[in-house]
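This briefing concerns a single predicted model. Please view the sequence and the structure together before reading the points below.

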Amino acid sequence: MLMKATARGPEVKTGGITLHNLQKRYGSAVAVDEVSLSVSPGEFVSLLGPSGSGKTTTLMMIAGFEMPDSGKVLLDDLDITRLPPHRRELGVIFQNYALFPHMTVAENVAYPLQMRRVAKAEVEARVSRALDQVDLGTLASRRPHQMSGGQQQRVAIARALVFDPPVLLLDEPLGALDKKLREHLRNEIKTLRKTVGKTMIYVTHDQDEALAMSDRVAVMHQGRIRQVSAPRDLYRRPADLFVAGFVGEVNLIPVKLKSGIAYGPAGERLAAGPWTEADTDATLCVRPEHLHLDRGAAGSSAGLQGRITGMTFVGDATIFEFRSESGLQLTSKVLNVSGQAMPDVGDLCAGSWGANDATILAK
Ligand code: ADP
Ligand code: MG
């Protein structure tokens with residue numbers, strides 16, 4: 001793998017993207033609503049959200065293919081909000097590779113350089129380097145229809161890398177591929193990101209992908225950013241019920257907060273992390289892997305009392321369905337470790353969790 005000597009100098013990193021209150025309407029519908037976000041040079045940030053949440057529209061406003069109604073896009077200190085796409089020098093990778101079918105791989109990758117009137121010898125050197133970066137050096141004379149989906153997507157990545165933009169914008173680049181290939185290319189993009197050191201803004205609706213690849217994840221819903229956090233914090237400390245439910249599996253337990261104590265539906269005291277809300281009704285969130293079902297504590301005053309109503313073996317883990325006496329239906333996930341005694345369907349148990357593993361959210 002070639003290491004790049006940057007013309008911008010070793011110290012001054014460029015490629016920071018700042019979004020300031022971006023707003024975009026289509027007719028009366030708000031597609032992107034007051035979106036603000038700061039991405040540092042070299043950072044990998046995902047825009048994660050369900051279909052229709054405004055991810056693509058946000059990315060297209062950064063790329064220049066859509067104009068915001070209001071707000072600003074900055075590349076480092078430069079206001080690029082109104083610049084046409086080809087003057088922004090941002091690499092864009094779309095979901096459907098968008099290769100030219102009649103051109104070879106090398107010609108496809110050379111295209112952005114020819115548009116920029118780069119000299120022929122320089123074009124050849126850069127194309128060959130870009131193809132090496134995505135491990136396609138040997139397929140330069142193929143045409144798109146002679147390649148797999150994953151290979152075509154790597155051509156699209158090479159074409160975006162070839163003019164050495166400081167920022168790559170990727171819109172669900174793995175969306176059309178099957179699961180195995182997605183995971184493989186996911187790792188390749190991660191590796192590439194380390195070797196070329198570019199800022200990457202990555203759109204996906206796939207939470208696993210976002211958690212696995214990103215330095216930070218911005219969760220979008222109905223045109224707004226709901227939370228921007230490192231993957232670990234996003235999972236452990238979701239900011240609201242939407243994020244808690246969208247990122248990973250979660251048990252939601254209605255609680256009453258009173259004088260610093262969380263009470264469950266049957267008035268039981270429940271462990272919970274610190275919270276700032278006043279005394280009120282709230283929701284306690286516990287991940288399935290943090291819900292422990294203990295037969296020994298059945299009938300005691302600990303945690304939520306209830307019964308196991310279902311059990312599913314999923315290979316690495318067993319998923320238990322647990323119904324509390326107060327009528328909550330919860331899920332517990334236990335890794336299958338050999339020699340471990342497991343409860344069974346019908347068993348009475350107490351369900352509990354560590355205070356640090358429970359987040360209190362406003363209703
Ligand atoms: P995502 O990429 O998260 O799936 P989009 O940014 O594509 O979401 O779309 C956000 C919202 O804007 C959706 O409700 C979508 O229907 C609407 N939208 C996107 N592009 C257009 C368009 N060109 N004309 C009208 N509505 C659009
Ligand atoms: Mg989209």
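The points below treat the domain arrangement, the salt bridges and the surroundings of one glutamate.

The domain assignment divides the protein into domain 1 (17–238) and domain 2 (249–362). In this predicted model, a search of the whole structure finds 16 salt bridges, and the count between domain 1 and domain 2 is 1.

**Domain arrangement and interface**

- The C-alpha centres of domain 1 and domain 2 lie 40 Å apart, and their contact takes 5 residues from domain 1 and 8 residues from domain 2.
- About 600 Å² is buried between domain 1 and domain 2, with 32% of it on carbon and sulfur atoms.
- Of the area that domain 1 buries against domain 2, 77% is supplied by Tyr235, Arg237 and Pro238, more than by any other three residues.
- Between domain 1 and domain 2 there are 7 residue pairs in polar contact, counting pairs with both residues at pLDDT 80 or more.
- The side of domain 1 that touches domain 2 has 3 nonpolar and 2 charged residues, and no polar ones.

**The Arg236–Asp357 salt bridge**

- The side chains of Arg236 and Asp357 meet in a salt bridge with an N to O distance of 3.3 Å.
- Arg236 belongs to helix H7 (residues 231–236) and Asp357 to the loop between strand S19 (348–352) and strand S20 (358–362), so the pair ties together parts that are 121 residues apart in sequence.
- Arg236 is partly exposed, its relative accessible area being 36%.

**The Glu188–Arg154 salt bridge**

- Glu188 and Arg154 form a salt bridge in which the closest N and O atoms are 3.6 Å apart.
- Because Glu188 lies in helix H5 (residues 179–196) and Arg154 in helix H4 (residues 149–161), this pair ties together parts that are 34 residues apart in sequence.
- Glu188 is partly exposed at 22% relative accessible area, whereas Arg154 is buried at 13%.

**Glu209 and its network**

- Salt bridges that share partners join Arg182, Asp206 and Glu209 into one network.
- Within it, Arg182 pairs with Asp206, the closest N and O atoms being 3.3 Å apart; Arg182 is in helix H5 and Asp206 in the loop between strand S8 (199–204) and H6, 24 residues apart.
- Arg182 is buried at 13% relative accessible area, and Asp206 counts as buried at 19%.
- Glu209 is placed in helix H6 (residues 207–213) and counts as buried, because its relative accessibility of 1% is under 20%.
- The side chain of Glu209 makes a polar contact with the side chain of Thr204 at 3.2 Å.
- Beyond its neighbours within four places in sequence, Glu209 is in contact with Leu174, Arg182, Arg186, Tyr202 and Thr204.

Conventions. Residues numbered from 1 in each chain as written. Chains lettered and ligands numbered in written order. Predicted model: local features only at pLDDT ≥ 70, side-chain atom pairs only at ≥ 80, totals over all residues. Heavy atoms only, no water. Helix = DSSP H or I, 4+ residues; strand = E, 2+ residues; numbered from the N terminus. Buried < 20%, exposed > 50% of the residue type's maximum accessible area, 1.4 Å probe, protein only. Polar contact = N/O pair within 3.5 Å; in protein donor to acceptor, adjacent residues only side chain to side chain. Contact = heavy atoms within 4.5 Å. Domains from an automatic or database assignment. Buried area = accessible area lost by both parts, 1.4 Å probe. Salt bridge = Lys/Arg side-chain N within 4 Å of Asp/Glu carboxyl O. Nonpolar A, V, L, I, M, F, W, Y, C, P; charged D, E, K, R; others polar.
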